[in-house]
Amino acid sequence: EDNVTKNFEDFGYTYSEGTSATVYQFDYPYVDPIEKKDKKLYSTNGMLYIIRLADNSLIVIDGGSIKQSSNQNIEECMKFMRKITGTEEGEKVRISLWYGTHGHSDHVTFFYKLLGFHHADIELERVMFNYPSHAVIAHAPRVDMFRERLALLYPNVKYLAPHTGMSFDIANMKIDVLYTHEDAVSALDGTTLIENANDSSMVCRLSANGKSFLVLGDLNVLGEEKIANIYGNEIFQTDILQAAHHFFNANPIIFENSKSAWVLCPISQSRAKASFPGYMTAKNFYSDEQLLFADDALYGIEMNDELTLTVDRTECGPYDGSSMNRIK
């Protein structure tokens, strides 16, 4: 029983005129220990994925931190979305779904600002997130501000609180919900076993054209073990893997069993290589060529037989201290 999601069956839609889908990892600048970038200007974390679908709409996953949300970077993102959809100035970019993994500010702030600056240029049709109550697992204040902004700017947007086992289509992309924070509730006393909001990350498998993209958010070891207990270790096998929690976590079960062609890494390469547990585990199963770091380039992976890799670049830069709150 869910008193919020009343019309789950009507949430998604299908599109049969094409199979194309391309996953893009937005190329934020991050703190780089080798270049000694100032932590006041560069973020340690942050994650944003943009998926172009066959009907020329987009799925956007998460956002980024406040330090990645300079005015310049917001405009670069808008320009990139117009580029991959061929949407001209004066036309609206269509985001068929925004998907939030969990309630940390480095996964929502950039998108929060993007909507504030460009809601007149963006048609946002659906949002899905399953953030636990703040009384159960603490989340960032920006999450509540984001929900308020959604209600203000997009009062008619379709909202889904996903639960494990749900499966639906967005155009030609199938979305399977594999895990939410609800799976970590104790059957004995009804309390959550989660001590950190990272393990409340919603995990979904996104599939198109016979290929899959596993989105982990900031999943930690507890969530990893819960998923393995539900499905078995083979559930982590995927064509494209998002490295969980910016390589902070070892995630040994995931890296050993994912067997991916590519691993998308939302962190700087030099920082990850500075003895981050996730990187130390991943390199046992993946070559350096398979690990695509977000500070190197804007990587795109077309979900076709060859999983074609493209390399682009934006002109994103350091934080400029600009406001988060300009609403046109």
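In this predicted model, one side of the α1–α2 contact is made by Asn 71, Asn 73, Ile 74, Glu 75, Cys 77, Met 78 and Met 81 of α1, and the other by Phe 110, Lys 113, Leu 114, Phe 117 and His 118 of α2. Sorted by class, that contact holds seven nonpolar, three polar and two charged residues.

As for geometry, α1 covers residues 71–85 and α2 covers residues 109–118, and they pack at about 75 degrees with axes 10 Å apart. Angles of 65 to 115 degrees count as roughly perpendicular, so that is the label for α1 and α2.

Now to the cores. Met 81, seen above in the helix contact, turns up again in the largest nonpolar core, which has 70 residues. Along with Phe 26, Ile 50, Trp 98, Leu 124 and Phe 247, Met 81 touches the most other members. Looking past its neighbours within four places in sequence, Phe 247 contacts a list of residues including Phe 255, Cys 265, Ile 267, Phe 276, Tyr 279 and Phe 293. A separate core of 36 residues lies apart from the largest one, with Ala 21, Met 47, Ile 51 and Ala 171 among its members.

What about disulfides? Searching the whole structure turns up zero. Two cysteines show why, since a disulfide needs sulfurs within 2.5 Å:

| Cysteine | Closest cysteine sulfur | Sulfur distance | Relative accessible area |
|---|---|---|---|
| Cys 77 | Cys 316 | 7.7 Å | 1% |
| Cys 204 | Cys 265 | 20 Å | 0% |

Cys 77 is too far from Cys 316 for a bond, and Cys 204 is likewise too far from Cys 265. Both are tucked away: Cys 77 is buried, and Cys 204 counts as buried too.

Conventions. Residues are numbered from 1 along each chain as its sequence is written. This is a predicted model: local features need pLDDT of at least 70, side-chain atom pairs count only at pLDDT 80 or more; totals for chains, interfaces and linings use all residues. Side-chain values use heavy atoms; hydrogens and water are left out. Axes are lines fitted to C-alpha atoms, for helices over the stretch in contact, and angles run from 0 to 180 degrees between N-to-C directions. Helices (H or I, at least four residues) and strands (E, at least two) are DSSP runs, numbered from the N terminus. Angles under 35 degrees count as roughly parallel, over 145 as roughly antiparallel, 65 to 115 as roughly perpendicular and the rest as oblique. Contact means heavy atoms within 4.5 Å. Ala, Val, Leu, Ile, Met, Phe, Trp, Tyr, Cys and Pro count as nonpolar, Asp, Glu, Lys and Arg as charged, and the others, Gly among them, as polar. A nonpolar core is a set of buried Ala, Val, Leu, Ile, Met, Phe, Trp, Tyr and Cys residues joined through side-chain atoms within 4.5 Å. Buried means under 20% relative accessible area, exposed over 50%, partly exposed in between (1.4 Å probe, protein chains only).
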